[in-house]
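I opened my notebook and went through this structure piece by piece. Here is what I looked up, in the order I wrote it down.

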Amino acid sequence: AAAIADDIAYDAHDIDDGLRAGLISLDMLEDVSLPAGILASVRQRYPGLDAVRTGHELMRRQITAMVEDAIATAQANLDRLAPQSVADIHGAGRPMVAFSPAMTAAEKELKAFLYGRLYRHPAVMAVREGADQIVRDLYTRYFERPADLPDGHGEEASVCSEAERARYVADFIAGMTDTYAIKEHRRLFDRTPDLV
């Protein structure tokens, strides 16, 4: 169920991000079955609605359609299985909460579109490469020079074995916000990639 919820949330959020960033447009989404059908319905009901509100209505309706599909599919799966215990659910050999075959295909098509037009867009890839560089630089610096870790963390890291220090540094970096990682990189290095 968590994976389905993630798919629903990420699909809508990524469309929103792509629209706001100008990396995708509503017109581009007309070539993707799930948003295309929703857009046609929105435009029919609200002719002349501006692009921002159309995008919001698209996302709201897409979330609703995906949630309703998952609920209906889960109910049908439960009706077919007629479980008497949790063991019946575990032994079913398939998840009870899932998209219908039609929604699965539509969601897969949407993901392929987002992958090609958004996730792998050159502007997104440049930011991703810069972020990767920041993480690599911080890891190498903190591992090789634990004293450079901020706020006294270096003392603990410097007395660890190499394996423990590697885990300590990785955990420290994983706990950083993006802003903090950029700030730390600027503190330690002459040049920090621009992530805007």
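**Entry 1: Arg43**

Leaving out neighbours within four places in sequence, I found Arg43 in contact with Leu26, Asp27, Glu30 and Thr54; contact means heavy atoms within 4.5 Å. Arg43 sits in helix α3. Helices here are DSSP runs (H or I, at least four residues), numbered from the N terminus. I noted Arg43 as partly exposed, because its relative accessibility is 30%. The scale is relative accessible area: under 20% is buried, over 50% is exposed, and partly exposed lies in between (1.4 Å probe, protein chains only). Arg43 and Arg53 are ten residues apart in sequence, and their C-alpha atoms are 11 Å apart in space.

**Entry 2: ground rules**

This is a predicted model, where local features need pLDDT of at least 70, side-chain atom pairs count only at pLDDT 80 or more, and totals for chains, interfaces and linings use all residues. Residues are numbered from 1 along each chain as its sequence is written, and side-chain values use heavy atoms, with hydrogens and water left out.

**Entry 3: the cores**

I looked for nonpolar cores next. A nonpolar core is a set of buried Ala, Val, Leu, Ile, Met, Phe, Trp, Tyr and Cys residues joined through side-chain atoms within 4.5 Å. The largest one has 25 residues, and Ile15, Leu29 and Leu114 have the most contacts inside it. Two or more residues come from each of α1 (2-21), α2 (26-29), α3 (33-45), α4 (51-81) and α6. Which element gives the most to this core? It is α6, with seven residues. I then checked Leu114: beyond four places in sequence, Leu114 is in contact with Asp11, Asp14, Ile15, Ile24 and Tyr119. A second, separate core has 13 residues, among them Leu138, Tyr168, Phe172 and Ile182.

**Entry 4: helix pairs**

I took α1 and α6 as a pair. Their axes come within 11 Å and cross at roughly 35°. Axes are lines fitted to C-alpha atoms, for helices over the stretch in contact, and angles run from 0 to 180 degrees between N-to-C directions. From α1, the residues Asp7, Asp11, Asp14, Ile15 and Gly18 meet Glu107, Leu110, Lys111, Leu114, Leu118 and Tyr119 of α6.

Then I turned to α7 (residues 122-144) and α9 (residues 162-174). They pack at about 140°, with axes 10 Å apart. So α7 is oblique to α9. Under 35 degrees counts as roughly parallel, over 145 as roughly antiparallel, 65 to 115 as roughly perpendicular, and the rest as oblique. On the α7 side, the contact includes Val135, Leu138 and Tyr139; on the α9 side, it includes Arg165, Val169 and Phe172.

Is His185 buried or exposed? His185 is buried, because its relative accessible area is 0%. It lies in helix α10 (residues 178-188). Apart from neighbours within four places in sequence, His185 is in contact with Ile134, Asp137, Leu138, Arg191, Thr192 and Pro193.

Ser100 is in the loop between α5 (86-90) and α6 (101-119). Ser100 is also buried, with a relative accessible area of 15%. Its side chain reaches the backbone nitrogen of Met103 at 3.1 Å. Not counting residues up to four places away, Ser100 touches Asp69 and Thr73.

**Entry 5: positive phi**

Ala82 is not a glycine, yet has a positive phi of about 50°. Ala82 is in the loop between α4 and α5. I marked Ala82 as partly exposed, at 43% relative accessible area.

Definitions and conventions
A polar contact is a pair of N or O atoms within 3.5 Å; within protein, one must be able to donate a hydrogen and the other to accept it, and residues adjacent in sequence count only if both atoms are side-chain atoms.
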